[in-house]
Amino acid sequence: MSNAQPQPQWGTPVPPAEGQPRRRRPRIFLWVFLAIQVLFLIWIITGAASGSGTPEDCGTLDRQTCNDAESVGTAIGVGMIIFLWAAVDIVLGVTYAIYRFARRP
């Protein structure tokens, strides 16, 4: 009989040696997800702030109609950014779920 310990199979976690703290896995996905959220938030803020112009930009429209048109355009733009943000979050969530379920024993 040999006293050799059996080798763990590929993909099985190896427990830490006695007295050593267990190392946590880096949470790369969390930081990528948060970075994407910050980018979308910055994009929304700059998109909403860029909706102001001068009445000279509108040609023959009066000031009230020009301001209304700019507000509608800004609202449509911000709405499109929010829709894209939600779509990206759904894709990221599904990707993360597939990744997690693939790694389960």
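How accessible is F29, and does F29 count as buried or partly exposed? Good morning, colleagues. The structure I am presenting is a predicted model, and I shall begin with this residue. F29 lies in helix α1. Its relative accessibility is 30%, and F29 therefore counts as partly exposed. F29 also belongs to a nonpolar patch on the surface, together with Y96 and Y99. The accessible area of these three residues together is about 280 Å².

Let me stay with helix α1, which covers residues 28-49. Q37 is found in this helix. Is Q37 buried or exposed? The relative accessibility of Q37 is 16%, and because buried means under 20%, Q37 counts as buried. The side chain of Q37 is joined to that of D89 by a polar contact of 2.6 Å.

Further along, G47 also lies in helix α1. With a relative accessibility of 21%, G47 counts as partly exposed. Which distance separates G47 from I81 in space? From C-alpha to C-alpha it is 8.6 Å, although the two residues are 34 residues apart in sequence.

That pair brings us to helix α2, which spans residues 63-103. I81 has its place in this helix. I81 is buried, and its relative accessible area is 8%. A second pair involves I81 and L41, which are 40 residues apart along the chain. The separation between their C-alpha atoms is 9.5 Å.

The next residue in helix α2 that I wish to discuss is G93. G93 counts as partly exposed, at 38% relative accessibility. How many residues separate G93 and F33 in sequence? They are 60 residues apart in sequence, and in space the C-alpha to C-alpha distance is 9.4 Å.

Which residues form the positive surface patch? The patch consists of R24, R25, R27, R100, R103 and R104. One of these, R103, lies in helix α2. R103 has a relative accessible area of 46% and is partly exposed.

To review the points for discussion: the model is predicted. It has a nonpolar surface patch of F29, Y96 and Y99, and a positive surface patch that includes R103. Q37 in helix α1 makes a side-chain polar contact with D89, and I81 in helix α2 is buried. Thank you for your attention.

Methods: Residues are numbered from 1 along each chain as its sequence is written. This is a predicted model: local features need pLDDT of at least 70, side-chain atom pairs count only at pLDDT 80 or more; totals for chains, interfaces and linings use all residues. Side-chain values use heavy atoms; hydrogens and water are left out. Patches are made of residues with over 30% relative accessible area and no salt bridge: like charges are joined within 9 Å, nonpolar side chains (Val, Leu, Ile, Met, Phe, Trp, Tyr) within 5 Å. Accessible areas come from the Shrake-Rupley method with a 1.4 Å probe; for residues, only the protein chains shown count as cover. A salt bridge is a side-chain nitrogen of Lys or Arg within 4 Å of a carboxyl oxygen of Asp or Glu. Lys and Arg count as positive and Asp and Glu as negative; His and the chain ends are not counted. The place of a charge is taken as NZ of Lys, CZ of Arg, CG of Asp or CD of Glu. Helices (H or I, at least four residues) and strands (E, at least two) are DSSP runs, numbered from the N terminus. Buried means under 20% relative accessible area, exposed over 50%, partly exposed in between (1.4 Å probe, protein chains only). A polar contact is a pair of N or O atoms within 3.5 Å; within protein, one must be able to donate a hydrogen and the other to accept it, and residues adjacent in sequence count only if both atoms are side-chain atoms.
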